[in-house]
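Please take a look at the structure below and keep it open as you read. This short report walks through its sheets and helices.

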Number of protein chains: 2
Amino acid sequence: MATASSSSSLCPNRAFSLSTSSHKQLASLVRFPASTSSISSPSRVCLDSKKRNFSVRATVAPVMDQSISASSSAAIPTIVEVDLGNRSYPIYIGSGLLNQPELLQRHIHGKQVLIVTNTTIAPLYLDKTIWALTEGNPNVKVESVILPDGEQFKNMETLMKVFDKAIESRLDRRCTFVALGGGVIGDMCGYAAASYLRGVSFIQIPTTVMAQVDSSVGGKTGINHPLGKNLIGAFYQPQCVLVDTDTLNTLPDRELASGLAEVIKYGLIRDAPFFEWQEKNMVALLARDADAFAYAIKRSCENKAEVVSLDEKESGLRATLNLGHTFGHAIETSVGYGQWLHGEAVAAGTIMAVDMSYRLGWIDESLVKRVLKILQQARLPTAPPETMTVDMFKSVMAVDKKVADGLLRLILLKGPLGNCVFTGDYDRQALDDTLRAFSKS
Amino acid sequence: MATASSSSSLCPNRAFSLSTSSHKQLASLVRFPASTSSISSPSRVCLDSKKRNFSVRATVAPVMDQSISASSSAAIPTIVEVDLGNRSYPIYIGSGLLNQPELLQRHIHGKQVLIVTNTTIAPLYLDKTIWALTEGNPNVKVESVILPDGEQFKNMETLMKVFDKAIESRLDRRCTFVALGGGVIGDMCGYAAASYLRGVSFIQIPTTVMAQVDSSVGGKTGINHPLGKNLIGAFYQPQCVLVDTDTLNTLPDRELASGLAEVIKYGLIRDAPFFEWQEKNMVALLARDADAFAYAIKRSCENKAEVVSLDEKESGLRATLNLGHTFGHAIETSVGYGQWLHGEAVAAGTIMAVDMSYRLGWIDESLVKRVLKILQQARLPTAPPETMTVDMFKSVMAVDKKVADGLLRLILLKGPLGNCVFTGDYDRQALDDTLRAFSKS
């Protein structure tokens, strides 16, 4: 059972402010190659939080510029260590980290790198990443493979494109795969690295909240099967995770909210003070306050790293990170991969897990209300799609990885905020009641 | 560098002889279910060593019967331990081991088993294996998936059939995959087990000499890519390896000889006394003398276990087990998977490695002659197919897993019998000369 752990200071709800002078000052500090300056345009974005997407501008005019802003406050990355003996690795968190080639290069040992990315991220950050890998390091040969974007492509067919590219490029055992993108890219690239020549090095450069706070950390890699999510994969740890928070500047609002579902999860299962912080700072997070995000990412990674260090292969504790995921996977699989974002499905699934916990008498009604409120604040769904039926849930949940000898084990909240259990020892009636309350029979 | 280690007593070149009385006596000893007695027909085979294949007889008439004969001499298995810390496991070697359910069952922890086998082996040993898994253990549910037979099917498409079956059967993390077949089945089943739900237990029941002396031991799993052998896979150790030498009774002569290529390899790279034993006992091995085979399998597994224990992930020493394999893989890939058996290609590749070692001045001519002679005795090819060109070799060898930072490292003999090196430090001219001597330019 997971228990609450303490967290530290609150993050001020700071608005963006950047004087022209500090902007100029930074321009000389940022080590960015002249030859690829046009590429840097992705980080030159015009923020309009009322629109669903950012508008990307190719100009270098001094518009409001979070990436440069953030570079000023976080030139030295925060480092969270994932402690796994001889497979330990650092998570670097900060603004402008892709402008610091030495961070990546210290983890590249051979002469060959394969960047795995997708059609959305490649135009934004591929050249910048290639620069970070090769600047002052001309012996490294960088190849890249650009996959279609979306959970619906997280399958064997797409994975084979990575192997094809690696083999055609004659990459050898000393090469390094670099995952540049969100959770789908990280999971696929990691599994490809685990399997290529029976295992090569890999690095995670997550570019979504979802990947930065959760999926890039801990070594879970894999692909989906038509009958269920992540059923094929490996536990395989990266050499490092590099979280350049500037990459969030280009993230659509919907993707940003999706990632917050996992942030909220950490609070619920093991970190009450973090949940309370989120209740106070959700507005700042949605407004993309840089400091608020830096704190949310750091605290999430600390929670994840601690759990993974204690239970790498998910024999117990680690399963608690899947709060809401069993219901959520059923939604993703049933409505079709890519229709609902992972975090959206997890949010609806969290509400269902909380509902079931309440039906079992394991939590107070006040906690139910707080979870509902924070998910609504985060603009996340709080119920599955109307098309879902009880049988659709049951059919997918039967192949969940947490089934053991026919018994479905679930993560449920139990006790005060910040406490949960991973158990198959619950009244089946409560599960049936929850499924019926949230879906058609 | 590997050095020679000592081996023990020679095996007498014993002819098969079995009196009717001892045969009857055994019938009461063998624990085989009445309900599946018709299944036991595969082990009731009529040996004709002059023919390429055995003729399988469905009768239980007392024909010359190696399986029963062998059961008498090896009811207690020889155990070779693979020492890998908390992933250590035993290799059980002996006759009639599939008649001893307790051997397998002590390694099955959940309630679900998936047997992965092929269309050749299933009619011979599937029911027997199901019996061994379920006898006195009715709570275990056994599923099976029967794949097409042959190296040409060792690919992603066939692998997916294993995942499909596992998921349709709702197998959970506590299940066990059982590889029942030769090297192709073992490699695919092992990789499927490594990847299914990010890793489930698996057991190897090798049914060919190749698998019994080499591929089932040491945790190398994987599939082929059209451009190269075993390029996709995992290091993943089984719970145990069960070598029932009776299964060799149904093995075609060509397959049997193929496996001998790996037996010969152990002698050449690290075990001079074993090589000398083989020189004296090749006739007995080809005549399928049970005791000779029991010794050859045991000594091969001891060599393999020792190497794997010292270097599980092939950072150096373990690569020496690939003597002849770099040239051999080029042959297999170029002529098309399944055209040449693995051991046949390895035999030709071994001759090429030996030729190159001699050109480099690293071994005496007498050793070249001994290798040629023993491979000829074993009825193995001593040259690649005539269709091979120098470019075909070079093209495939360029994607070999032993290439590091562009340099092809090879296993070559150096010094007296039983010594080899794994090195990229050799005169390129010698490699070119060998390739030209054995293939068209």
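What follows covers a sheet in each chain, the helices beside it and a few helices in more detail.

## The sheet of chain A

Keep in mind that this is a predicted model. In chain A, seven strands line up as an open sheet with mixed pairing, in the order β3-β4-β11-β8-β7-β5-β6. Its edge strands are β3 (78–82) and β6 (141–147) of chain A, and each of them pairs on one side only. From one strand to the next, the twist averages 20 degrees.

## Helices on the chain A sheet

Which strands does helix α5 (residues 156–168) of chain A touch as it packs on the sheet? They are β5 (112–118), β6 and β7 (176–181) of chain A, and the direction of α5 makes about 160 degrees with that of β6(A). Helix α10 (residues 290–310) of chain A also packs on the sheet, where it touches β3, β4 and β11 (240–244) of chain A. The direction of α10 makes about 15 degrees with that of β3(A).

## Two chain A helices in detail

Helix α6 (residues 183–195) of chain A has 13 residues and spans 18 Å from first to last C-alpha, close to the expected 18 Å. Because 13 of the 13 residues of α6(A) are buried, this helix is largely enclosed by the rest of the structure. After α6(A) comes L197(A), with a positive phi near 50 degrees.

Helix α4 (residues 122–134) of chain A also has 13 residues; its C-alpha span is 17 Å, close to the 18 Å expected. Among the buried residues of α4(A) are Y125(A), K128(A), T129(A) and W131(A). Just after this helix, G136(A) takes a positive phi of about 70 degrees.

## A record for chain A

UniProt, in an unreviewed entry, places the feature "domain: 3-dehydroquinate synthase N-terminal" at residues 145–257 of chain A. Over that stretch the chain is 34% helix and 30% strand, with the end C-alpha atoms 28 Å apart.

## The sheet of chain B

Chain B has an open sheet of seven strands with mixed pairing, in the order β3-β4-β11-β8-β7-β5-β6.

Helix α5 (residues 156–168) of chain B lies across β5 (112–118), β6 and β7 (176–181) of chain B, running at about 160 degrees to β6(B). Helix α6 (residues 183–195) of chain B packs on the sheet too, touching β5, β6, β7 and β8 (201–206) of chain B, and its direction makes about 170 degrees with that of β7(B).

## A helix pair in chain B

The axes of helix α12 (residues 342–359) and helix α13 (residues 365–377) of chain B come within 10 Å and cross at roughly 175 degrees. α12(B) and α13(B) are therefore roughly antiparallel to each other. Residues making the contact include I351(B), V354(B) and Y358(B) of α12(B), and V368(B), L372(B) and L375(B) of α13(B).

Note on methods
Residues numbered from 1 in each chain as written. Chains lettered and ligands numbered in written order. Predicted model: local features only at pLDDT ≥ 70, side-chain atom pairs only at ≥ 80, totals over all residues. Heavy atoms only, no water. Pairing = 2+ DSSP bridges. Helix = DSSP H or I, 4+ residues; strand = E, 2+ residues; numbered from the N terminus. Contact = heavy atoms within 4.5 Å. Axes fitted to C-alpha atoms, helices over the stretch in contact; angles between N-to-C directions. UniProt positions renumbered as here; feature names shortened; annotations may be inferred. Expected span 1.5 Å × (residues − 1). Buried < 20%, exposed > 50% of the residue type's maximum accessible area, 1.4 Å probe, protein only. Parallel < 35°, antiparallel > 145°, perpendicular 65-115°, else oblique.
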